[in-house]
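I opened my notebook to look up a few residues and one set of strands. Here is what I wrote down, in the order I went through it.

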Amino acid sequence: MANYYSDHPEIGFYLNHPLMARIVELKEKGFADAKEYDYAPVDLGDAIENYKQILDITGDVAANIIAPNSESVDLEGPHLENGRMIYASKTFENLDATRKAGLWGVSMPRRYGGLNLPNAVFSMLSELIAAADAGFQNIWSLQSCIDTLYEFGSEEQRQKYIPRVCAGEGMSMDLTEPDAGSDLQRVMLKATFDEKENCWRLNGVKRFITNGDSDIHLVLARSEEGTKDGRGLSMFIYDKRNGGVDVRHIEHKLGIHGSPTCELTYKNAKAELCGSTRMGLIKYVMALMNGARLGIAAQSVGLSQEAYNEGLAYAKERAQFGEKIINFPAVYDMLSRMKAKLDAGRSLLYQTACYVDIYKCLEDIERDRKLTPEEKQEMKKYQRLADAFTPLAKGMNSEYANQNAYDAISIHGGSGFIMEYKSQRLYRDARIFSIYEGTTQLQVVAAIRYISNGTMLTNIKEMVAELPSSALKERVEKLIPIYEDALNYAKALNSQDAFDFLARRLYDMTCELVMSLLIVRDANEAPELFEKSAQVYVRMTEEDVIGKAAYIKAFRPEDLDCFRAAEPASEKEA
């Protein structure tokens, strides 16, 4: 019987990540839970075995329930009844299966009913579920919103809401509005304090809200009257049980049909403040968004895997001109690139997730006791790494998912354009990954300061120094001066517009060098899994870095005039 975890040993390889022992040590806080919970691990080996069992269960559910339901969910989609969103029929089966398997509240402490899993393992679960159905992964993975409530809410709020999520209640983050998309400072949903009822009241409209009719909402709203920027925004908890929010519309989308995208109307809805006022956008949404971006990186890797599987299976069976098409250079070139992008992207995903785990675990420990100076230094180090790597992981994996889905259709030829084949659904589903929770262009904006100030260059040089000698390492190492020269040239142009224009190329080069070094590291450890991908990915990186460096070195600020859109005739006349 198929199992999305055991069928892909590349995933389990990352349970042996160099940082995993430290993550487990911090997450389990000296394995203290073993005294109170008989299912809690007693040591590192026990924890890893526990993770493997949960991954195996999830791989089974993904392969044998969620994946077979995906076509029906895609065709039916959710619908609207009397101001309420109703999931597609098979989505209810998926929810029931994941609840019975105990796959909710997975990151939460055991005292609230959670599994206390690290972010890296949660990302693995997300990847498995996304491979089966990316739309359902959205619904399931939004349980990670509870991390923000756990981090910033009161203990009373934790005890009230976390056990409900651990039992399988869904969540949403209600941020976007008709006039506030990427620019969340423009959010105007109004929050006013009701002195009589001793609660907050929310009024306004939210748009493009994933899983918008969920049980528990985290809502960004304007609590400070007269403000127009991010400093007037706070975060609120809305409980569906209290009423006051209706679904006005469900969007008809290109893909991820099983994931309901709702427009909501708040009418005097009762809500609780989460954390402090004025910190909603500045602190809490940033935490929410970083978690969501890592979730989309995992979603992207899962779909990339499925697209590769579909392309490979078809190429093995399809014959043309008396030969299987997998033997044609044009086809195996596509497949090898798909696999290289998948493997390198996955390595970046789990490297980033491990960075997040260490600093988040230390933050959690700091709630109970004062950190040692060494621990504080460790926390700051990994927070910086997580902040620098998260936009790389989200941006590149979402782009790779789109490219792999595109190539899967190309391998299928005309059949890939027919709705009966899965590859068309993967293509439709993938398109949103590089858009929501910050477009790739916004990931470039988030990453570029770490590129321009030399942080990523330092990281790359440190990664090289940690690798043992090999031919592939030497090839990547030769690209670093080319990259550094291009970066220095772009900065020396002394034109912000020119640097911003070139930023995407600098971002791509940075990501490709980082992923090359990661996949070479993995190939050193497990050549049977990653050697071919390392060979292909390093070649791709050489092609891209040398080409993009040449583009940058030939660029002048005045060249921008070639790219600016022509002024409309009416404006010229005016």
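I began with R521, which touches Y14, H17, S347, Q351 and L467, leaving aside residues up to four places away in sequence; contact here means heavy atoms within 4.5 Å. R521 is found in helix α16, residues 496-525. Helices (H or I, at least four residues) and strands (E, at least two) are DSSP runs, numbered from the N terminus.

A note on what I am reading: this is a predicted model, where local features need pLDDT of at least 70 and side-chain atom pairs count only at pLDDT 80 or more, while totals for chains, interfaces and linings use all residues. Residues are numbered from 1 along each chain as its sequence is written, and side-chain values use heavy atoms, with hydrogens and water left out.

Is R521 buried or exposed? I found R521 buried, with a relative accessible area of 19%; buried means under 20%, exposed over 50% and partly exposed in between, using a 1.4 Å probe and protein chains only.

Next I looked up E156, in helix α8 (residues 155-166). E156 is exposed, at a relative accessible area of 67%. Its C-alpha atom is separated by 27 Å from that of G295, 139 residues apart along the chain.

Then I turned to the strands, where pairing requires that DSSP finds at least two bridges between them. β4 (residues 190-194) and β5 (residues 199-210) run antiparallel, joined by five bridges, and A191 stands opposite L202 in β5. Their hairpin has four residues between the strands, and N198 takes a positive phi near 55 degrees there.

β5 also pairs with β9 (residues 261-274), antiparallel over eight bridges. I noted T265 in β9 as the bridge partner of V205.
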